[in-house]
Amino acid sequence: MQGISFRRSSVAGLPAGSGSALPALLLVGLFFIMPVVALLLRSVTDPEPGLQNYATLFGSGTYVRVFLNTFLVASVVTAVTILVAFPVAWMLAIMPPAMGSIVFGIIVLSMWTNLLTRTYAWMVLLQRTGVINRALMGLGIIHEPLPLINNLAGVTIGMVYIMLPFMILPLVGTLRAIDPMTLRAAALCGASPFEAFRRILLPLSLPGVAAGGLMVFVMSLGYFVTPALLGGTSNMMLAEMIAQTVQSLLNWGLGSAAAFVLLVVTMALYAIQLRLVGARRAGGGI
Amino acid sequence: MLLDYERLGWLRVALVGFTAAVAAFLLLPVVFIVLLSFGSSRWLAFPPPGWTLRWYQQLLGDPTWIDAALTSARIAAMAAMLAVIIGLFAAFSLVRGEFRGRQVLRGLLLTPMVLPVVVFAIAIYAFFLRIGLAGTTVGFVIAHTILALPFAIIPITAALEGFDKSIEDAAIVCGASPFQARLRITLPSIRIGIFSAAIFSFLASWDEVVVAIFMASPTLQTLPVKIWGSLRADLSPVVAAASSLLVGLTFCLMIVTALLRRKLSR
Amino acid sequence: MTRSFLSIRALRKTFGAFVAVHDVTIDVPKGEFLTFLGPSGSGKSTTLYAIAGFQDPSSGDVLLEDMSLLSVPSHKRNIGMVFQRYTLFPHLSVAENIAFPLRVRRRPDAEIKRKVADMLALVRLENFADRHPGALSGGQQQRVALARALAYDPPILLMDEPLSALDKKLRQEIQAEIRRIHRETGVTILYVTHDQEEALHLSDRIALFREGRIEQIGTGEDLYLRPASEFVAGFIGNSNFLPAEHLQTARGASTIRLADGSIVTGIKTTTSFGQGQRVRLMVRPEAFRLAPGATSAALAVEIIDTAFFGDRRRVMARTAAGDEIDVRPASDAEGADSATTSGKRIFFDPGSAFLFPA
């Protein structure tokens with residue numbers, strides 16, 4: 001015990017201890033927990049008590065396909081994001097700061113730019129007569145415009161674009177925490193750059209890759225805007241299906257059941273992600 | 001040697017090239033949309049056949065766009081203010097409190113950031129339909145405050161964790177009341193965290209689409225809802241003009257943030 | 001033709017306008033323990049890094065058995081190295097760390113197993129094979145690093161201040177270990193340190209670096225007993241320096257006048273000084289005596305302080321000119337227990353003193 005603690009003595013002013021979290025707790029309890037719980041109850045009470053909403057959800061080929069497609073898109077997006085983000089994070093971790101800060105600036109600019117703006121840009125860029133198709137045709141690489149929008153390709157490009165910063169930024173931290181001397185030691189031990197990457201750099205950055213990848217996967221699972229605008233009707237994702245079921249079909253029971261499934265999967269994966277990050281901290285920044 | 005920039009050899013050429021390509025990929029849509037907004041083609045042909053300010057004139061001449069922008073600004077400002085104040089109080093408790101379940105409380109307050117927005121959107125929409133807050137400014141502000149709260153709590157707790165409490169105690173020993181000590185010593189010390197919290201929670205509301213789509217009414221819609229509607233209808237160049245203004249705003253915000261941070265951290 | 005095993009030829013390294021290493025040339029015979037000693041920033045580590053291949057020298061060459069190493073990438077140089085910081089691979093066990101260089105060389109499993117066991121025995125960590133580096137003490141980690149560096153029988157072992165992160169007791173323990181391993185394996189060792197005691201204790205020869213150049217190279221005895229410059233004398237062991245004026249030199253023995261006017265004769269000199277040239281007289285603290293000897297010169301001083309250190313005493317004295325002198329007589333030496341007084345005289349043998357240009 002050092003010094004004198006005035007922790008409990010605050011009567012006026014900013015309260016301390018547990019009390020000052022009360023407004024936040026009240027707000028979140030009243031307008032977050034309660035509505036979400038009410039929604040979940042609705043999945044087993046609307047239109048009548050029972051599990052019929054879940055039966056519909058898992059019994060119908062249409063909905064099962066939505067689930068599968070959601071996992072497929074999230075997996076593809078996560079895999080591509082990791083593959084693209086790793087080399088960038090690697091360079092950002094060791095680049096001269098002057099060069100690195102330009103790339104960081106671009107990452108932040110893209111991250112802070114309005115989500116709809118970015119998605120809109122991709123809609124225009126990827127359309128049949130869009131710049132990308134024109135450029136590819138102009139270069140003679142293709143002769144017919146590629147279908148780049150309203151399908152898996154469109155969703156993947158748009159989602160990877162949005163997820164990249166969320167993968168790159170934490171990964172830079174992981175890679176910076178690795179002592180460059182370790183890699184020098186590996187080289188002197190006779191490891192070629194490939195061997196050093198495979199046996200040292202990759203294993204050492206794996207916790208960061210796993211944590212970031214899981215975060216991207218979780219975010220992708222529940223993403224609404226980008227899949228709705230860049231995806232096709234044949235590969236609808238869960239979030240869009242939930243919104244449609246409630247908004248257009250006014251089927252609250254079914255929508256709530258789907259929302260519950262999404263919530264359970266998301267929270268479970270989030271818990272695993274917290275474990276990963278926590279374990280990494282306990283392991284001394286490895 | 002894989003982590004020695006100078007000693008990567010040909011690998012460095014490849015990796016730097018790749019990084020530059022990714023940076024270009026990240027920059028491409030932003031630059032593209034700004035260029036397009038000045039193009040004269042109604043069909044968004046690129047490169048544009050000519051340059052024009054027509055889309056900006058249409059945008060600024062349309063009261064529904066102006067209304068939507070003002071609504072967004074009003075809601076975002078209120079949500080950000082509430083989130084920062086409530087978040088500040090919560091942060092004191094999360095950092096300084098010594099009660100059981102502190103970590104659980106932190107997890108709970110941060111959940112709105114993790115839960116898929118669409119789940120929260122239909123939940124709060126259903127709730128507000130029942131209590132008559134759907135389609136109202138109050139409803140919007142409440143929902144957006146919840147979504148913004150984690151973005152306020154994270155930077156403030158981080159700043160507070162980095163602040164040595166014994167400095168505050170020293171002020172109290174010098175005769176300041178605990179309230180004065182916090183107001184005059186602690187708050188100024190964590191001002192960068194508070195400032196970040198304000199920016200992030202403002203952006204969280206300003207850019208929010210999903211809840212807004214559900215909550216919007218014909219008489220109350222935010223800018224993202226207006227853009228969303230236009231996107232679903234057609235790819236009008238007016239959206240490009242609106243988007244470019246948003247990009248400009250982001251850019252200004254980034255510069256102001258960088259400058260203020262530099263000034264505040266002195 | 002006598003070829004040296006490892007040869008560093010006119011090695012030079014510049015960073016912009018700053019010259020880190022100034023045309024350093026050293027020949028190292030096989031099996032030697034050579035230490036690069038010097039203050040930080042003197043170019044000793046840079047020289048070592050050029051041998052390891054972490055930095056390309058600006059000019060010069062490094063030859064191993066007459067073959068240039070410079071165009072060989074680090075991972076093909078077949079050099080062992082122990083680093084200042086612990087560089088064990090944190091995700092691999094002790095045994096896997098030692099096996100790493102053999103695995104990347106694609107040696108057969110049986111050989112790897114045998115070699116790892118040998119190495120664990122060499123550094124006496126047989127019972128730690130399955131531990132992870134995080135569960136080892138600093139001293140144990142450096143022993144594993146040593147085993148890893150020697151596992152592939154490299155002809156040369158580089159050591160970059162390997163003991164600087166350890167506390168004093170552990171340092172001495174590992175020093176003994178390193179000496180034993182050098183004896184048992186016969187590997188050629190290049191060792192970098194800023195600690196002169198460590199250098200004296202371990203090395204066959206010491207190369208003393210100063211501002212990118214080698215100030216003197218020789219055995220510890222050479223550097224201590226025959227320092228080539230004031231810098232060497234000051235860096236190795238403890239020294240007292242007194243300003244003086246050179247009067248004359250005859251048959252390698254000089255006569256000088258100290259600041260208080262007293263004349264000292266018979267100081268061994270290899271450099272030639274002009275008459276009246278300002279010089280500095282260097283006398284080791286342990287060369288001073290508190291009682292007169294047969295050939296001794298005397299110095300009038302005031303005793304400021306004395307302290308007892310077990311085998312030695314430490315006496316702080318001050319000359320009339322104001323120069324402080326550190327005297328370290330043996331505890332039982334005559335007059336060693338004298339109290340703080342003025343008007344004392346201390347004595348030294350001019351044959352054990354040195355003259356350097358001021």
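What follows is a short chat about a predicted model with chains A, B and C.

Visitor: Before I start, how are residues numbered and chains lettered here?
Guide: Residues are numbered from 1 along each chain as its sequence is written, and chains are lettered from A and ligands numbered from 1 in the order in which they are written. The model is predicted, and local features need pLDDT of at least 70, side-chain atom pairs count only at pLDDT 80 or more, and totals for chains, interfaces and linings use all residues.

Visitor: What's pLDDT, and what is the mean for chain A?
Guide: pLDDT is the predictor's confidence in each residue, from 0 to 100. The mean for chain A is 87, and 91% of its residues reach 70 or more.

Visitor: Where is the pLDDT below 50 in chain A?
Guide: One such stretch is residues 1–16 of chain A, which has 27 contacts in the model beyond near neighbours in sequence. Another is residues 280–286 of chain A, with 9 contacts counted that way. Two residues are in contact if their C-beta atoms, placed from the backbone, lie within 7 Å.

Visitor: Chains A and B, then. How many residues does each give to the contact?
Guide: Chain A gives 78 residues and chain B gives 74. On the side of chain A that touches chain B, 60 residues are nonpolar, 15 polar and 3 charged. For these classes, Ala, Val, Leu, Ile, Met, Phe, Trp, Tyr, Cys and Pro count as nonpolar, Asp, Glu, Lys and Arg as charged, and the others, Gly among them, as polar.

Visitor: And how many residues are in contact between chains C and A?
Guide: 19 residues of chain C are in contact with 17 residues of chain A. Helix α2 (residues 94–104) of chain C gives the most to the chain C side, with 3 residues. By class, that side has 11 nonpolar, 5 polar and 3 charged residues.

Visitor: Pick a helix in chain A. How far does α4 reach?
Guide: Helix α4 (residues 97–112) of chain A has 16 residues and reaches 22 Å from its first C-alpha to its last. That is close to the 22 Å expected at 1.5 Å a residue, where the expected span is 1.5 Å times one less than the number of residues.

Visitor: Which of its residues are buried?
Guide: The buried residues of α4(A) are V103(A), I107(A), S110(A) and W112(A). A residue is buried if 20 or more other C-beta atoms lie within 10 Å of its own, exposed if 12 or fewer, and partly exposed in between, with C-beta atoms placed from the backbone.

Visitor: What covers them?
Guide: The cover includes α3 (61–94) and α7 (152–176) of chain A, together with α1 (10–37), α9 (191–206) and α12 (237–264) of chain B.

Visitor: Is T45(A) exposed or partly exposed, and why?
Guide: T45(A) is partly exposed because 15 other C-beta atoms lie within 10 Å. T45(A) is in helix α1 (residues 22–45) of chain A.

Visitor: Switching to chain C. How many helices and strands?
Guide: Chain C has 8 helices and 20 strands. Of its 358 residues, 42% are buried.

Visitor: Which domains does it have?
Guide: The domain assignment gives domain 1 (6–233) and domain 2 (242–357) of chain C, and such bounds come from an automatic or database domain assignment. The C-alpha centres of domain 1 and domain 2 of chain C lie 39 Å apart. Each of these domains gives 4 residues to the contact.

Visitor: What is the order of the open sheet with 5 strands?
Guide: The order is β15-β19-β16-β17-β18 in chain C, and the pairing is antiparallel. β15 (288–289) and β18 (324–327) of chain C stand at the edges with a single partner strand each, so one side of each has no neighbour in the sheet. Two strands pair if DSSP finds at least two bridges between them.

Visitor: How many bridges join β16 to β17?
Guide: 7 bridges join strand β16 (residues 297–308) of chain C to strand β17 (residues 313–319) of chain C. E302(C) stands opposite R318(C) in β17(C). The two strands form a hairpin with 4 residues between them, and G310(C) in the turn has a positive phi of about 85 degrees.
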